[in-house]
Every structure is written in C-alpha cells, then in structure tokens.
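User: I would like to go through this model with you. Could we begin with burial and then turn to the aromatic rings?

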Amino acid sequence: MNIKSAQYIKSAVNPEDFLQDHMPHIVLVGKSNVGKSSFINCIANNKRLAHTSGQPGKTRTVNFYNINDAFYLVDLPGYGYAKVSKKEQLRWGDMINNYLYENTSIAAIFHVLDIRHSPTALDRQMAEWLLFHNVPIVGTTTKEDKMGKTRWKPQIEMIRKNLGWSQFVPIVPFSATTSQGKDEILNLMDIYLSNYHSNDD
Ligand SMILES: Nc1nc2c(ncn2[C@@H]2O[C@H](COP(=O)(O)OP(=O)(O)O)[C@@H](O)[C@H]2O)c(=O)[nH]1
Ligand SMILES: [Mg+2]
C-alpha cells in the first residue's frame, strides 16, 4: 500500500462522536509514551500529523485520521500514565470499551509495545479485552532502534507468551526512527483491509 493522503479528522470522547461511516478502522492501542503518535507519523510520511510528546498522558481522546480516503487510522488514548487519577483511569477504560463495543468497522488493531520492556498489567488487560472483542490483532514492538537486533526475537517471544498471543498473531519489530518494519506494517494493513471488505457482502 502507498500512502497518498493522510489527514487528521477529529478527536472524540463520547461514543456519539466516534466516526461511523462506510470506511473501516485500523486502530492503535498501547501505553502512553510507547510511540503511537510516532507510528502514525511514520506510516503517514508526515512528522506533524499526530502530536508526539515528551509529556506522557497527553492524548486523552480518540483521534481519527483519514488515510487515502480508504480507512481511518484511529489512535486510542494511551494507558498506564502514573499521574492519572483513578477516576480518569476509569474514564479511560469506559472510553476504550465504548469504542470497541459500538464499533463494527474494525479491520485490525495494532497493539503497540516497547520492545525493551515486559508487558505491564494494563498491557495484559488490554490484550484480554481485545481477545474478548474478537478482532484481528497485530503486535507492534516499537523503539527497536534502541536494542540490538539479536535480542529482538527473544524479546518478542517473551511478549507473545506474556500476553497469551498464539503463533497466529503477527508481531512486527518497528522503529519510527529508522522506519524499520514500516513496509511489513503497510502490507499487513492491506491484508486486513481486504479481509474486512470481503466479509462485507
Ligand atoms: N528511539 C525511538 N524513539 C521513539 C520511537 N517512537 C517514539 N519514540 C519517542 O518516544 C516518545 C513518545 O512517543 P509518542 O509517539 O508521543 O508516544 P505516544 O504517547 O504513544 O503517542 C517521543 O519522545 C518519541 O520521539 C522509536 O521508534 N524510536
Ligand atoms: Mg500520542
């Protein structure tokens, strides 16, 4: 897939504001500061499309980007930011579950994890929700430029085991800094979008 156009559409908090039209959604989930915005900018070839930040926990909305007028890339609010209150954590859980429940347009969900770290309890909770919602999952282990290549495979298998992902869940080592893994991610997006469309009729 070539990215011909990428445009920020809107940010939403309430289910009635989530986009729901004919276009499928490809969704990003992951810890705050893991690199979701950087992933979007790298995939879309536009460093300024999604707001990246050294200030974790800033994205508290569901953000929609129109890619090629063919699908929405959807950035769900990151989790696990220590300074967030209990109340806000609950609101976050509601928002994500609302989005997942209301949504029948999800072609695939990319669960983004830092290749250097073991999954957290919230990563595992997220993985459980996604398995429950029965949507296609792609693991993306990002910031791989910060780790020697020989260590990728054992880290990836540790993450797979920890999250209870079968061998059928693809896990792509990725770096927004070097664009490593970008082509594979675009190919997977293509595959899941065509599977989604063939389920349509
Ligand atoms: N070295 C490296 N840094 C990254 C990568 N992806 C993101 N970052 C950095 O990690 C921080 C958080 O990234 P951001 O995309 O805002 O994370 P988000 O909160 O998940 O959207 C920023 O300082 C990014 O520059 C990567 O692949 N490699
Ligand atoms: Mg972000």
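Analyst: Buried residues, meaning those under 20% relative accessible area with a 1.4 Å probe and protein chains only, make up 50% of the 201 residues in the protein. This is a predicted model, in which local features need pLDDT of at least 70 and side-chain atom pairs count only at pLDDT 80 or more, while totals for chains, interfaces and linings use all residues. Side-chain values use heavy atoms, without hydrogens and water, and residues are numbered from 1 along each chain as its sequence is written.

User: How many aromatic pairs are there?

Analyst: Rings of Phe, Tyr and Trp (its six-membered ring) pair if their centres lie within 6.5 Å; planes under 30 degrees apart count as stacked, over 60 as edge-to-face and the rest as tilted. By this rule there are eight aromatic pairs. In one of them, the centres of Phe18 and Phe64 lie 6.4 Å apart with planes at 50°, so the pair is tilted.

User: Where do Phe18 and Phe64 lie?

Analyst: Phe18 is in the loop between β1 (6–12) and β2 (25–30), and Phe64 is in strand β3 (residues 62–67), 46 residues apart. Strands here are DSSP runs of E with at least two residues, and helices are runs of H or I with at least four, numbered from the N terminus.

User: Are Phe18 and Phe64 buried or exposed?

Analyst: Phe18 counts as buried at 9% relative accessibility, and Phe64 is buried at 0%.

User: Which residues do ring pairs link into a cluster?

Analyst: The cluster consists of Phe18, Phe64, Tyr72 and Tyr99.

Note on methods. Chains are lettered from A and ligands numbered from 1 in the order in which they are written.
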